[in-house]
Amino acid sequence: MAAVEKALHALFVAADGTSLRKEDLKKARELAAMLDELARVVRPGRLLVDAAAGKSYVGLLAAELVGVERVHVIERDAARARLCREAAARLTRPAELTVVEGDVASSASWPDAADVVVALHACGAASDAVLDAAVAAKTRWLFLVPCCYAHAVPFSAHAERLADAMGVPDHAEVRRRVVISLIDTERTLRLEAAGWETTVMALVPPTVTPHNLMWRARRMREPNRMRQASERLAKLRAGDGRLGDGRLVVPR
Ligand SMILES: C[S@@+](CC[C@H](N)C(=O)[O-])C[C@H]1O[C@@H](n2cnc3c(N)ncnc32)[C@H](O)[C@@H]1O
């Protein structure tokens, strides 16, 4: 933690006589946990993609502290991409850095091949776009921490229909949890069906951030696991409004 806090300050605050703010200290806890994950899988020369990167805390700290040598940053906000470039100039270890100012949903933003993809707090549909891009690029590892679950999330409308078919009430706090769980279910099965062995775990305690779940996925292509996930995914996505054959059928 001390090393993460020190590097966070040196790269991103870089003003003498200042210290990290309370929210930066919380961020440092997430970053330390994510860097622990990355340290287990990065190897010399492997390309790390930091998607929906913001200023690329993860990508740059991975270069500074974990020994990642090649980082590809994707961030659509020009000001954050600029702050990332400025922070990169303060790295004390050499790293090959590409900063793409673009959308994670565009294939033009992605490198031809990547070994490890990380997306920390990818907002709404950006999580789905990162997941699909990682699958398309056949990356070895994906570390995905989704953020908000907006209506723009592709499975959101179907999850609402499923909730209706199940008789879930309109009480927002109850319904929201069901819909989020269904979105999480679809994302998990989508990864598994594509061949990524997936663990869903708390990256940090919910007191650090309510958006604390991480999808840690490794491309294994295990046929039985893929088949089982595909069947479940088809059940989840199917529907015309009745309960039958052990599956929930949903009105469109
Ligand atoms: C909640 S911030 C997280 C930033 C960083 N990963 C972190 O943990 O500090 C989400 C970032 O994703 C970017 N973003 C959201 N949707 C995006 C998209 N479709 N393509 C590229 N960047 C996106 C936003 O501009 C924002 O900088």
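**Helices, burial and a ligand shell**

Mentor: Helix H1 (residues 2-13) and helix H2 (residues 22-41) have axes that come within 9 Å and cross at roughly 120 degrees. This is a predicted model, in which local features need pLDDT of at least 70 and side-chain atom pairs count only at pLDDT 80 or more, while totals for chains, interfaces and linings use all residues. Residues are numbered from 1 along each chain as its sequence is written.

Trainee: What do "helix" and "axis" stand for here?

Mentor: Helices (H or I, at least four residues) and strands (E, at least two) are DSSP runs, numbered from the N terminus. Axes are lines fitted to C-alpha atoms, for helices over the stretch in contact, and angles run from 0 to 180 degrees between N-to-C directions.

Trainee: Which hand does the crossing of H1 and H2 have?

Mentor: The crossing is right-handed. A crossing gets that name if the near helix is turned clockwise from the far one by less than a right angle, and is left-handed if anticlockwise.

Trainee: Which residues make the contact between H1 and H2?

Mentor: Val4, Glu5 and Leu8 of H1 meet Asp24, Leu25, Ala28, Leu31, Ala32 and Leu35 of H2. Two residues are in contact if their C-beta atoms, placed from the backbone, lie within 7 Å. By class, this contact has 7 nonpolar, no polar and 2 charged residues. Ala, Val, Leu, Ile, Met, Phe, Trp, Tyr, Cys and Pro count as nonpolar, Asp, Glu, Lys and Arg as charged, and the others, Gly among them, as polar.

Trainee: At what angle do H7 and H8 pack, and which hand is their crossing?

Mentor: Helix H7 (residues 172-193) and helix H8 (residues 223-237) pack at about 145 degrees, with axes 8 Å apart. Their crossing is left-handed. H7 contributes Thr185, Glu186, Leu189, Arg190, Glu192 and Ala193 to the contact, and H8 contributes Arg225, Met226, Ala229, Ser230, Arg232, Leu233 and Leu236. These divide into 6 nonpolar, 2 polar and 5 charged residues.

Trainee: Why is serine 230 called partly exposed?

Mentor: Serine 230 has 15 other C-beta atoms within 10 Å. A residue is buried if 20 or more other C-beta atoms lie within 10 Å of its own, exposed if 12 or fewer, and partly exposed in between, with C-beta atoms placed from the backbone. The count of 15 falls in between, so serine 230 is partly exposed.

Trainee: Why is serine 56 called buried?

Mentor: Serine 56 has 30 other C-beta atoms within 10 Å, and 20 or more are required, so serine 56 is buried. Serine 56 lies in the loop between strand S1 (47-51) and helix H3. Its phi is near 65 degrees, a positive value in a residue other than glycine. Most residues other than glycine have a negative phi.

Trainee: Why does serine 19 count as exposed?

Mentor: Serine 19 has 10 C-beta neighbours inside 10 Å, and the limit is 12 or fewer, so serine 19 is exposed. Serine 19 is in the loop between H1 and H2.

Trainee: What makes the buried residues of H4 line one face of the helix?

Mentor: In helix H4 (residues 78-88), Ala81, Cys84, Ala87 and Ala88 are buried. Seen down the axis, they fall within an arc of 120 degrees, so they line one face of H4. The arc is that of the directions from the helix axis to the C-beta atoms. The face turned away from the buried side carries the exposed residues Ala78 and Ala79. The buried residues of H4 pack against H1, helix H3 (57-66), S2 and strand S3 (96-101).

Trainee: Which residues are buried in H6, and what arc do they cover?

Mentor: Ser156, Ala159, Leu162 and Ala163 are buried in helix H6 (residues 156-166). They cover an arc of only 115 degrees around the axis, which puts them on the same side of H6. Just after H6, glycine 167 has a positive phi of about 80 degrees.

Trainee: How many residues surround the ligand?

Mentor: There are 18, and the closest are Ala52, Gly54, Arg76, Leu120 and Ala126. A residue is near a molecule or strand if its C-beta atom, placed from the backbone, lies within 6 Å of it. Strand S2 (70-75), strand S4 (116-122) and helix H5 (125-136) each supply at least two residues of the shell. By class, the shell has 11 nonpolar, 2 polar and 5 charged residues.
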